[in-house]
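The following note was prepared for a colleague's review. It takes up a loop residue, a pocket and some annotated spans in turn.

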Amino acid sequence: MAEDSDLERTEEATPQRIQKAREEGQVARSQELTTFVLLLTAAAGLIFMGGKLVEQLSDIMHAGMQIDRNMAFQADLIVKRLSQLSIEGLWSLIPLLILLIVAAFAAPMLLSGWLFSSKALIPDFKRLNPVSGFGRIFSIHGLTELLKAIAKTLVVGSVAALVIWGNRDSVLSLIAIPVISGVNRTGELLVLSFLLITGAMILIVAIDVPFQLWSHAKKLRMTKEEIRREAKESEGDPLVKGRIRSLQREAARRRMMSEVPEADVIVTNPTHYAVALRYKSNSMRAPKVVAKGVHLLAARIRELGEAHHIPILEAPPLARALYHHAELDAEIPEKLYAAVAEVLAYIFQLQRYQNFGGDKPAPPGEINVPQELDVLPSDNNE
């Protein structure tokens, strides 16, 4: 049962899955929204540009009806004239056509945003399979599209019938008015009817857009196994990641150990902890920790210190405090300034003794460390 649940697509798509689908051109689409925007744009274009368009087309028609005697007997002149009038008619329609082209490109972006995917242009010959085609026709999606088409026909048809019935008196009155006025009135009625019938599609769009979003999200659902595999691919194999972390720690340890010969002093516990400090008064605001470790690593730090003649000072409370509260390659905490200053004062005196002789300085006695910074030996199994 657990294996079956892992194979069921019950999980919401991850951001990586959604992004991959977008790259492949798979986004939510609503044909009804695109159709509605195109029709609404066309209606708006006819309202604002219709008068000018009718005037231009009327002039073209009027010019086309005027044929002189010479043109009537020369077929090539008639063809040339017809071609010229056709081009003028096309130029008259260009503003409306441009408006519709812009709407056709902008409408899909209302739902899925800007998207260009070359993968969507690659031919998919699986779509030519008649078996798959019949499967899509008789699928739940096909049934849904059929019901949507029937509903759209009923809604739009009902609204169209109401609009026509409501304007029956205006249509009948066209018989009694002059031709020019009748043409203008007919245009107004057609545009108004077209706008009202187009507005009826708002109901279809209001239902179709949420449905398409839900359907698209459902198609992108993933199984629990797919999510685990994606997480593994994005984050990396735990074994590989562990190996990488191990190599990183080893590299960091080697870098740290290379800094030990440059230290001024090594503070020890004496066996459990070792912390190497360096201080250059002309370039550092406070002493820095260049290496630290416990147990075997502490022993290695002490060995390197002895090999390079780095002074080693036993100060258990200070060693514990430095190890737990000072970051590697960072300045020591301010609360340890006084304790470390006492150690460095001894180290500088020791260096002067080694260089110039005189009385050998005595190691500092008990070094005071703030109680809140000292980790007791019992807490570290010492």
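**Points on the model**

1. Leaving aside residues up to four places away in sequence, E327 is in contact with V289 and K292. The model is a predicted one, and the contacts should be read with that in mind.

2. E327 sits in the loop that runs between α14 (316–325) and α15 (337–356). With a relative accessible area of 57%, E327 is classed as exposed, because that value lies over the 50% cut-off. The C-alpha atoms of E327 and V290 are 9.1 Å apart in space, while the two residues are separated by 37 residues in sequence.

3. The second largest pocket has a volume of about 370 Å³. Its lining comprises 13 residues, of which G50, V54, G187, E188 and V191 are the closest to the centre. Two or more lining residues are given by each of α3 (31–65) and α9 (179–199). The largest share, seven residues, comes from α3.

4. By class, the lining of the second largest pocket consists of eight nonpolar, four polar and one charged residues.

5. An unreviewed UniProt entry assigns the feature "transmembrane region" to residues 33–51, 90–117 and 189–214. In the model, residues 33–51 are 100% helix and 0% strand, and the end C-alpha atoms of this span lie 28 Å apart. For residues 189–214 the figures are 96% helix and 0% strand, with 39 Å between the end C-alpha atoms.

Methods
Residues are numbered from 1 along each chain as its sequence is written. This is a predicted model: local features need pLDDT of at least 70, side-chain atom pairs count only at pLDDT 80 or more; totals for chains, interfaces and linings use all residues. Side-chain values use heavy atoms; hydrogens and water are left out. On a 1 Å grid over the protein atoms alone, a cavity is a set of points where a 1.4 Å probe fits but cannot get out, and a pocket is an open set with protein on both sides within 12 Å along at least five of seven lines; lining residues have an atom within 4 Å of a point. Grid points are joined across faces, edges and corners, and a volume is the space filled by probe spheres set on the points. Helices (H or I, at least four residues) and strands (E, at least two) are DSSP runs, numbered from the N terminus. Ala, Val, Leu, Ile, Met, Phe, Trp, Tyr, Cys and Pro count as nonpolar, Asp, Glu, Lys and Arg as charged, and the others, Gly among them, as polar. Buried means under 20% relative accessible area, exposed over 50%, partly exposed in between (1.4 Å probe, protein chains only). Contact means heavy atoms within 4.5 Å. UniProt positions are given in the numbering used here, feature names are shortened, and annotations may be inferred rather than shown by experiment.
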